[in-house]
Amino acid sequence: MSRRRLAAVLAEARACTACDAELPHPPRPVLRAAAGARLMIVGQAPGTRVHETGIPWNDRSGDRLRDWLGLDRATFYDERRIAIVPMGFCFPGQDAKGGDLPPLKRCAPLWHPKLRPLLPRLTLTLLVGSYAQAYYLGAARQPTLDATVRAWRSYLPDFLPLPHPSWRNIGWLKRNPWFENEVVPALQAQVGEALAA
């Protein structure tokens with residue numbers, strides 16, 4: 001019954017037009033999930049390429065994220081094991097500098113509470129970027145993304161906060177070598193445990 005309910009909610013989400021008037025293009029919700037998923041990845045919102053292809057994390061940010069996770073594309077896109085449910089399901093458009101706009105605020109409160117209960121086997125949720133961290137960690141989030149990611153151990157076993165793997169964060173990664181030295185190996189271990197369970 002829960003699988004049938006999940007299929008129905010996913011179909012509703014993929015047909016959602018709640019934010020149509022606020023989007024620069026017709027809605028094209030991008031998300032993936034199956035009832036058996038053990039790991040959930042909560043990012044921001046689709047970028048241009050993801051909007052065009054309908055495949056989440058199908059860009060350079062996705063390449064970097066897969067490197068951090070130690071996963072190949074086949075495993076990453078196996079929705080029976082990994083749910084990909086961003087904060088915003090549709091491409092929100094770009095700012096004047098060519099960066100993606102924030103995810104629209106209506107999407108996550110509308111869909112995440114409907115979807116998460118239908119993913120009963122989840123053991124770990126990766127919170128990629130400040131929007132996911134604000135939504136899921138609430139008052140437990142630190143004052144900055146840097147501090148939140150540094151405090152990653154305190155959010156386990158349910159959550160693991162990460163910076164966004166965007167090319168715009170290259171400077172952050174260079175200034176914070178502890179992330180790739182300390183967090184990435186632990187991240188790969190946590191992901192391996194979640195997918196093996």
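I began with L126 and found that this residue stands opposite L160 in β4. The model I am reading is predicted.

I then looked at the strand pair around them. Strand β3 covers residues 124–128, and four bridges join β3 to β4. The two strands run parallel.

Next I traced the whole sheet. I noted an open sheet of four strands in the order β2-β1-β3-β4, with parallel pairing. I marked β2 (82–84) and β4 (159–162) as the edge strands, since each pairs on one side only. From one strand to the next, the twist averages 20 degrees. I also saw that helix α9 packs on this sheet and touches β1, β2, β3 and β4. The direction of α9 makes about 145 degrees with that of β4.

I stayed with α9 (residues 177–196) and checked its packing with α3 (residues 60–69). Their axes lie 7 Å apart, at an angle of about 75 degrees. Angles of 65 to 115 degrees count as roughly perpendicular, so I wrote down α3 and α9 as roughly perpendicular to each other. On the α3 side I listed D67, W68 and L69. They meet F179, E180, V184, L187, Q188 and V191 in α9. I sorted this contact by class: six nonpolar residues, one polar and two charged.

Last, I turned to helix α5, residues 107–115. Which residues of α5 are buried? I found C107, A108, W111, H112 and L115. They sit on the same side of α5, because they cover an arc of only 100 degrees around the axis. Among the elements covering these buried residues, I noted α1 (2–14), β1 (39–42) and α6 (130–137).

Methods:
Residues numbered from 1 in each chain as written. Predicted model: local features only at pLDDT ≥ 70, side-chain atom pairs only at ≥ 80, totals over all residues. Heavy atoms only, no water. Buried < 20%, exposed > 50% of the residue type's maximum accessible area, 1.4 Å probe, protein only. Arc of directions from axis to C-beta. Contact = heavy atoms within 4.5 Å. Axes fitted to C-alpha atoms, helices over the stretch in contact; angles between N-to-C directions. Parallel < 35°, antiparallel > 145°, perpendicular 65-115°, else oblique. Nonpolar A, V, L, I, M, F, W, Y, C, P; charged D, E, K, R; others polar. Pairing = 2+ DSSP bridges.
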